[in-house]
Amino acid sequence: MMIKIPLTPTLSPGFGGEGWGEGVKRWCGLPSIFKILKKDRLPGLLERLVREKQVFAPMIKGEVILIREIDSPSQVILEYRNAKESPKSVLFPQRETLFRYRAEKGKTEVDVPTGAGKARVLFGIRPCDARGLLLLDKVFSGGCSDPYYMDKRNSTVVVSLACADPNPSCFCLSMGGGPCSAEGSDLLLLDLEDRYIAEAVTEKGAALLEDQAFEASDEKSLCLGEKTRKQAEASMQPAAKKENLEEELERLFNDPVWKDLAESCLGCGICTYLCPTCHCFDLCDESSGQAGERIRVWDSCQFPLFTQQASGFNPRPTAKERFRQRIMHKLSYLPKTQSMTGCVGCGRCVTECPVNLDIREVIVSLSKGNER
Amino acid sequence: MRGSTRVKQKMENFTTKEIRDVARKLLREKRVEVVIGFERGSLPLRRRPCFVRREEDADRLVWDGWCDNNLATYLPKRKEKAAIVAKGCDSRAVVELIKEKQVPRDQVLVIGVPCRGMLDRAQVEASVDRARMAQEGECPDFEETLRGKGFVHDCCKTCAHPNPVLYDVLVGELCPEKTQDAFADIEAFSAMKPEERWAYLSKEVEKCIRCYGCRNACPLCYCPECFVDASLPQWIGKSVDASDAMIFHLMRAYHLAGRCVACGACERACPVGVDIGKLNRMLLKEVKDLFGYEAGLGLDEKSPLATFRLDDPESFIVNP
């Protein structure tokens, strides 16, 4: 059964706060289906999924938690804050072969890898990251559809895990999402100690609910779920101010404020590489003798080479211009071209920036009416 | 410090006050245009670089066990005369930058601060109750005492030069110097078989996402064009291919041989926990053993790889 993912959802314009399920109804047009997943039934469910599909879930890799393909349910860690890297690499790998070529006896053979292979499940990712996939969907399907991304995306079911206890660096609520938002997910799990409430918001999610591990939901659990959601939202930092930010940013393009904001920036790519929505890439050929492959690799607007021109001229010569580009792209250009902010408030750039350059503070200081 | 580590967040501690006074004075007397120091960050247990240009902003400056960035990284190419708050390792980086003619001596004024080791956030976060830690954001008197040893960064545990080696103004009391670097970890690593060492490094480098956080946080990585960024010709591939990532780390380590001041900025910047220090410390030890040299200890000492002596050891040439 081929199910189309809605690709142009209407995102909540304000700062979240929609009733649970309500906001979801609006973005995919389906009423939510609720079921219960007892925690002791989870390994069984994962086992069945692993047998048929490629399952990507949070697991310990080295000393950090990353979303990687699992072989067994025992590897999955669901008691976690968030993965160090965003799950975008499952659909948009850091290095991806576009085609291979070989020249032999005056003949050139080109081999294009096609198809997504096995169906995929992104299991246990956080709601911010699931919502980030919506932006990637827009970028890779808008205008010219990208088969490499879309093949994988269309065969992927997203099962996210709501956040009951967000980090101090989390600000999804300020960016229009929420700790228990189902936007971008097919199925959302909400932890209620011995069980999860499973909320299917797409047909793909509903299909997954057919598994024997799920039981009928009850009013008591749903009430508890609603309470948990409210608590999670209330525990979050106050929303960053961002009234008229898009217009304000446009006006500020040549403002000296960027120099001050970017002064401590080291110019590394941590913020962009860990970001769930950053999607810029470079195309390179890697060849050896008569054969090779054309690959695409992640690139970062924070690197000088990103805009270096063949003439030697660089239109973004310093960290100031590059930092401005990152902020403008996320908060001004994408809202205009894709009707979606390029930031979902996961807070990775806030915690992982070696100099704690905090995008929330940048937003506040750039917003209209705030002192500068 | 021994036996327990105090995670103390009293903003008005003595060193902080002294640093603010010095900064105010320097700016008032127009001896510098900017003071580069630390301010409170946006998250609990975070401090971050700050640039103070007006006397009235000097109160932003703070000093405590979380000031772990190496601020010397902001000195090269700076046009204005700057004062810099410098721990032992920061001051050693300043010395190297002056020696390598990246920073004119008269363009930098070093506010030296003896360092008792910087705290490792990851370890402390794992030991402090989250709810208590959140208070740190609001409560200026937050104080928590952690029992046990070793809450400082690994590079601070092996540091032999906690005091600034070069300073124009000294703030605080000098710490007792240790006699020498402890290289037990490197000795253990060297004792491994070559294939084991290679396997270890390969596993570490496999984590690398090529974000260049290590390179950019490093005060001595200041090349106008890094070899990984060269496109005409392109020296190495841009992807996370194992051999490309390995070449990046090996080349970077070689470029820092005899120059690395062991501040650990690279390791702290790394978001995925690559053991970058292993390579750097390996070369630190080699240079020390071969040439009796440690980077950044004196302005008059010649860098071993920038000079030669007739009695330089040559065993690596004649006896590979």
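This is a predicted model: local features need pLDDT of at least 70, side-chain atom pairs count only at pLDDT 80 or more; totals for chains, interfaces and linings use all residues.
Student: Which residue forms a salt bridge with A:Glu96, and how many residues apart in sequence are the parts that the pair ties together?
Tutor: The partner of A:Glu96 is A:Lys152, and the closest N and O atoms of the two are 2.3 Å apart. A:Glu96 lies in strand S4 (residues 95-104) of chain A, while A:Lys152 lies in helix H5 (residues 147-154) of chain A, so the pair ties together parts whose separation in sequence is 56 residues.

Student: Are A:Glu96 and A:Lys152 buried or exposed?
Tutor: A residue counts as buried when its relative accessible area is under 20%, and as exposed when it is over 50%. By that cut-off, A:Glu96 and A:Lys152 are both buried.

Student: Where in chain B does B:Asp64, the salt-bridge partner of B:Arg47, lie?
Tutor: B:Arg47 and B:Asp64 have their closest N and O atoms 2.9 Å apart, and both residues are buried. B:Arg47 belongs to strand S3 (residues 47-52) of chain B, and the pair ties together parts that are 17 residues apart in sequence, because B:Asp64 lies in the loop between S3 and strand S4 (82-86).

Student: What is the relative accessible area of B:Asp168, which forms a salt bridge with B:Arg105?
Tutor: In this pair the closest N and O atoms are 2.8 Å apart. B:Arg105 lies in the loop between helix H2 (88-99) and strand S5 (108-112) of chain B, and B:Asp168 in the loop between helix H5 (154-157) and strand S7 (169-170), so the pair ties together parts that are 63 residues apart in sequence. B:Arg105 is partly exposed, with a relative accessible area of 28%. B:Asp168 is also partly exposed, and its relative accessible area is 38%.

Student: Which residue has its backbone oxygen 3.0 Å from a polar atom of the side chain of A:Gln302?
Tutor: A:Gln302 lies in the loop between strand S12 (291-298) and helix H11 (319-338) of chain A, and with 2% relative accessibility it counts as buried. Leaving aside neighbours within four places in sequence, its contacts include A:Cys265, A:Cys268 and A:Phe323. The backbone oxygen at 3.0 Å from the side chain of A:Gln302 belongs to A:Arg322.

Conventions: Residues are numbered from 1 along each chain as its sequence is written. Chains are lettered from A and ligands numbered from 1 in the order in which they are written. Side-chain values use heavy atoms; hydrogens and water are left out. A salt bridge is a side-chain nitrogen of Lys or Arg within 4 Å of a carboxyl oxygen of Asp or Glu. Helices (H or I, at least four residues) and strands (E, at least two) are DSSP runs, numbered from the N terminus. Buried means under 20% relative accessible area, exposed over 50%, partly exposed in between (1.4 Å probe, protein chains only). A polar contact is a pair of N or O atoms within 3.5 Å; within protein, one must be able to donate a hydrogen and the other to accept it, and residues adjacent in sequence count only if both atoms are side-chain atoms. Contact means heavy atoms within 4.5 Å.
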